[in-house]
Amino acid sequence: MQARLPLPETDAQIRRVLLTGASGLVGGQVLKRLLASGEPFEVVAPTRAPLMAQSPRLRNIVYDSSTAERRTDSGLRRSLAGLKADIWICALGTTMGKAGNQAAFVAVDRDLVLKFAALSRALGARHAILVSSVGADAKSGNFYLRVKAEAERGLAEQNFPRVDILRPGLLLGERGERRPGEHLAQRLAPLYNPLLLGPLARFRAIEASAVAGAAVALARDGGSGWFVHEYASLRKLAGR
């Protein structure tokens, strides 16, 4: 008896993902999982520098970050012209130290995020998955958390049928850059995580790989609505 060959993937079966932040800690893990998945994911990953990863299922578009962060720049739109997306996964972000000042931080963590949101919506994406931060609150006294909340609020204006907001605590994992304060906090995480109980459990540190696993699990979901996922939910999703 002849073995049955797998049926070729149809256009309707393919899930096209626009992944922003693919060179970062979480985004890099998301990219690996999407490309290693047995499911028909095709990935378009706009990045500031070329990615090391290569796959027939990956299209890496290198853009000029110095112009892309300007609200009036149309270079990103031109680079993505003619493409299609079903899902937008955003793990884009910087730090105050790297940005240099608050205005430069906002230009990436809010304005560039929302620019990609609008572009992905224009490409046909109906599902947005945004990696934000635990404690994001527009009324917070913490500048970082206010900006994260502003990005979430701006996303609501794009009218995606489905939105999943991921709000992890401190991310555990090896970065390609030195962050001494974060490195110390990561080393202390095993000590303080068990002490964060009840409502405080959402502030527990979590592996970047678990957050990425949650994002990819959500990329398989359909339906509509607005969902927020914190520590317990992210753990559960990562185990699916």
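Helices, taken as H or I runs of at least four residues, and strands, taken as E runs of at least two, are DSSP runs numbered from the N terminus. On that basis, the protein chain has 9 helices and 9 strands. The model is a predicted one, in which local features need pLDDT of at least 70 and side-chain atom pairs count only at pLDDT 80 or more, while totals for chains, interfaces and linings use all residues. Residues are numbered from 1 along each chain as its sequence is written, and side-chain values use heavy atoms, with hydrogens and water left out.

Let me begin with the chain as a whole. Of its 240 residues, 46% are buried, that is, under 20% relative accessible area with a 1.4 Å probe, counting protein chains only. Taking a contact as heavy atoms within 4.5 Å, 70% of the contacts between residues at least 6 apart in sequence join residues at least 24 apart.

I turn now to the sheet. Strands of a sheet pair through backbone hydrogen bonds, either parallel or antiparallel. Here two strands pair if DSSP finds at least two bridges between them. Seven strands form an open sheet with parallel pairing, in the order S3-S2-S1-S4-S5-S6-S9. Strand S3 (58-62) and strand S9 (225-229) are the edges, each pairing on one side only.

Strand S6, residues 162-166, is joined to S9 by 5 bridges, and 5 bridges also join S5 to S6.

How many of the residues of S6 are buried? The count is 5 of 5. In a regular strand the side chains alternate between the two faces of the sheet. In S6, Arg-162, Asp-164 and Leu-166 lie on one side and Val-163 and Ile-165 on the other, and all are buried.

Next, the helix packing. Helix H5 (residues 102-122) lies across strands S1 (15-20), S2 (41-47), S4 (87-90) and S5 (127-131), and runs at about 170° to S4. Such angles run from 0 to 180 degrees between N-to-C directions, with axes fitted to C-alpha atoms, for helices over the stretch in contact.

A cavity is a set of points on a 1 Å grid over the protein atoms alone where a 1.4 Å probe fits but cannot get out, and lining residues have an atom within 4 Å of a point. There is 1 cavity of 30 Å³ or more. The largest cavity has a volume of about 40 Å³, the space filled by probe spheres set on the points, which are joined across faces, edges and corners. Its lining includes Asp-109, Leu-130 and Lys-148. H5, S5 and helix H6 (143-156) each give two or more residues to that lining.

How values were computed:
Buried < 20%, exposed > 50% of the residue type's maximum accessible area, 1.4 Å probe, protein only. 1 Å grid on protein atoms, 1.4 Å probe; cavity = no way out; pocket = protein on both sides within 12 Å on 5 of 7 lines; lining within 4 Å.
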